[in-house]
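This report describes how the chains of one model are arranged and how they meet. The sequence and structure are shown first.

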Amino acid sequence: MSPRIITLLTDFGTEDYFVGAMKGVILTRSPEAVVVDITHAIPPQDVRAGAFTLSAVYSNFPAGSIHLAVVDPGVGSDRRPVLIEAADYLFIGPDNGLFSIVLDRVPGAKIRHVTNSDYFLPDRSSTFHGRDIFAPVAAALAQGLPPGELGPIIQDPVRLGLTECEFLSDGAIAGRVIHIDHFGNCVTNLGFGEQRNIIQSSGLCS
Amino acid sequence: MSPRIITLLTDFGTEDYFVGAMKGVILTRSPEAVVVDITHAIPPQDVRAGAFTLSAVYSNFPAGSIHLAVVDPGVGSDRRPVLIEAADYLFIGPDNGLFSIVLDRVPGAKIRHVTNSDYFLPDRSSTFHGRDIFAPVAAALAQGLPPGELGPIIQDPVRLGLTECEFLSDGAIAGRVIHIDHFGNCVTNLGFGEQRNIIQSSGLCS
Amino acid sequence: MSPRIITLLTDFGTEDYFVGAMKGVILTRSPEAVVVDITHAIPPQDVRAGAFTLSAVYSNFPAGSIHLAVVDPGVGSDRRPVLIEAADYLFIGPDNGLFSIVLDRVPGAKIRHVTNSDYFLPDRSSTFHGRDIFAPVAAALAQGLPPGELGPIIQDPVRLGLTECEFLSDGAIAGRVIHIDHFGNCVTNLGFGEQRNIIQSSGLCS
């Protein structure tokens with residue numbers, strides 16, 4: 001079997017020790033995991049941008065990949081850590097809408113509240129769940145831990161309605177810009193979500 | 001045998017999903033490949049800077065490495081995708097001069113127009129050949145595909161003349177600055193290309 | 001045995017070929033090494049910031065990891081290259097205080113002046129020891145070279161006193177801010193160094 005891939009998507013930037021700390025924890029607990037950076041330059045605390053970027057890339061990875069995403073303005077509050085089984089992938093991170101577009105696209109995804117702290121780091125800070133909770137849980141999953149060991153299924157994950165478009169009476173569709181990329185392209189939410197088979201718009205304008 | 005290395009050099013930045021998408025495609029099609037970032041911060045569409053950076057680093061990698069480079073202002077036009085066999089390396093990317101300095105340095109390189117679409121992604125966008133064409137072709141090469149399967153040899157790749165210096169009548173040599181690095185050093189084109197054995201200039205000035 | 005991890009921490013930025021060149025040299029000489037970026041965005045020549053970042057992350061990696069760090073304003077001068085054995089880790093880089101906090105934290109660390117040039121690249125520049133000296137030495141260590149082969153033990157590494165706090169007569173403690181992170185948090189030196197078991201301050205203020 002190929003080694004298990006763990007991707008990282010955060011708003012941590014790359015100038016601090018944060019990303020390195022997560023990689024160190026993962027490789028300590030799952031030495032054969034292959035850690036792949038998606039991006040660490042999501043604008044700080046911009047959950048929508050994180051949700052969009054994750055939705056645009058997760059399915060390019062091999063089935064079985066574990067997507068660890070942390071854009072987490074509510075770290076330290078009582079927002080839940082969640083594990084999502086959707087399509088052939090696992091997603092782990094905060095329950096704040098970061099997985100909203102993935103959930104819109106994959107009906108029937110299984111969502112768990114991660115309550116079992118056996119796999120967390122023993123000394124946990126209140127501000128760095130990426131290192132202390134999400135990284136070691138991702139490593140445990142890469143080592144083969146069944147998702148069911150981590151906590152109960154929930155039905156009410158936070159959803160942000162990012163893929164909702166409005167079908168106007170004159171036949172037009174109203175969406176919105178949800179991301180502006182490195183080259184200045186605007187990405188709209190037309191064609192995202194479950195409507196994506198209907199609307200063939202590329203969603204790109206200059 | 002060691003796993004095959006695929007390096008990435010682009011102007012995609014690291015804030016979007018672009019780089020992650022390429023890595024996902026590569027690892028899906030060549031699970032044992034080792035993907036190494038050279039840089040994704042080539043100034044947008046600056047083919048010269050990409051050509052310089054690639055020329056400065058490719059030979060530090062193990063023989064057999066595959067260098068995937070995408071700085072591609074002409075994506076979606078009829079510019080050709082090319083595969084180059086030069087020294088002990090493979091290079092894959094757009095035919096726009098990005099491999100110009102490598103070609104200046106390695107006489108006798110074999111250049112192919114990549115015309116065989118069997119290894120491209122089935123659904124291709126017109127704006128993201130990095131993910132849809134170059135990444136899967138690099139993965140196929142990493143899996144052992146013979147270069148000859150990808151397309152015919154061509155003799156007229158785009159060359160930018162970046163390494164040409166002028167030998168003046170008073171014995172002086174006129175070159176030009178082709179790059180300014182992170183620390184503010186100016187890099188000239190003196191000492192690049194086939195003249196490099198003659199001119200021992202370090203090419204660095206403060 | 002798991003492949004050996006080599007982490008990289010530098011002020012090289014990611015826009016140039018510098019980081020790619022180090023990775024290429026490492027993978028050429030130690031094909032099974034796993035190279036992990038900690039950061040390349042230490043502010044240029046800011047040895048203190050490098051020392052702090054390294055101290056915050058090194059122990060998250062598996063025992064046996066090799067931490068290669070280069071923030072090196074004195075490159076080309078007679079500052080020494082050093083190899084440090086501290087706790088279960090190896091550290092390699094310039095002797096300019098970059099390992100100062102690690103040395104404060106790990107009493108009894110063994111420090112060597114790297115004098116054996118057998119493992120350096122044959123053609124060395126005076127400005128890029130990261131590629132020409134530190135990367136190949138790290139690769140040799142990853143391949144199992146005993147540290148003692150690299151040079152003699154020294155007792156006088158450069159130390160910057162970064163973890164020293166002042167205990168004032170009124171019972172207060174005076175420290176200083178040694179880093180401001182991506183989210184704007186200020187990190188003080190309270191709680192670093194050997195005093196860390198006494199002072200429980202998180203060292204974070206907004």
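## Surroundings of Arg79(B)

Leaving aside residues up to four places away in sequence, Arg79(B) touches Asp72(B), Gly74(B), Pro94(B), Asp95(B), His129(B) and Phe134(B); contact here means heavy atoms within 4.5 Å. The model is a predicted one, in which local features need pLDDT of at least 70 and side-chain atom pairs count only at pLDDT 80 or more, while totals for chains, interfaces and linings use all residues. Residues are numbered from 1 along each chain as its sequence is written, chains are lettered from A and ligands numbered from 1 in the order in which they are written, and side-chain values use heavy atoms, with hydrogens and water left out.

Arg79(B) lies in the loop between strand S3 (66-70) and strand S4 (81-86) of chain B. Helices (H or I, at least four residues) and strands (E, at least two) are DSSP runs, numbered from the N terminus. Arg79(B) counts as buried because its relative accessibility is 13%; buried means under 20% relative accessible area, exposed over 50%, and partly exposed in between (1.4 Å probe, protein chains only). The side chain of Arg79(B) makes a polar contact of 2.7 Å with the side chain of Asp72(B), and another polar contact, of 3.1 Å, joins the side chains of Arg79(B) and His129(B). A polar contact is a pair of N or O atoms within 3.5 Å; within protein, one must be able to donate a hydrogen and the other to accept it, and residues adjacent in sequence count only if both atoms are side-chain atoms.

## Arrangement of the chains

Copies are superposed by least squares on the C-alpha atoms of residues with pLDDT of at least 70 in both. For chain A on chain C, the turn is 120°, the shift along the axis 0.0 Å and the RMSD 0.0 Å.

| Interface | Buried area | Share on carbon and sulfur atoms |
|---|---|---|
| Chain A and chain C | about 1,700 Å² | 61% |
| Chain A and chain B | about 1,700 Å² | 61% |

Helix H2 (residues 47-57) of chain A is mostly covered, with 10 of its 11 residues buried, among them Phe52(A) and Leu54(A).

Towards chain C, 20 residues of chain A are in contact with 20 residues of chain C. Glu15(A), Asp16(A) and Tyr17(A) supply 31% of the area that chain A buries there, more than any other three residues. Helix H1 (residues 18-29) of chain A gives the most to this side, with eight residues. Seven residue pairs are in polar contact across the interface of chain A and chain C (both at pLDDT 80 or more).

Definitions and conventions
Buried area is the accessible area (1.4 Å probe) that two parts lose on being put together, summed over both.
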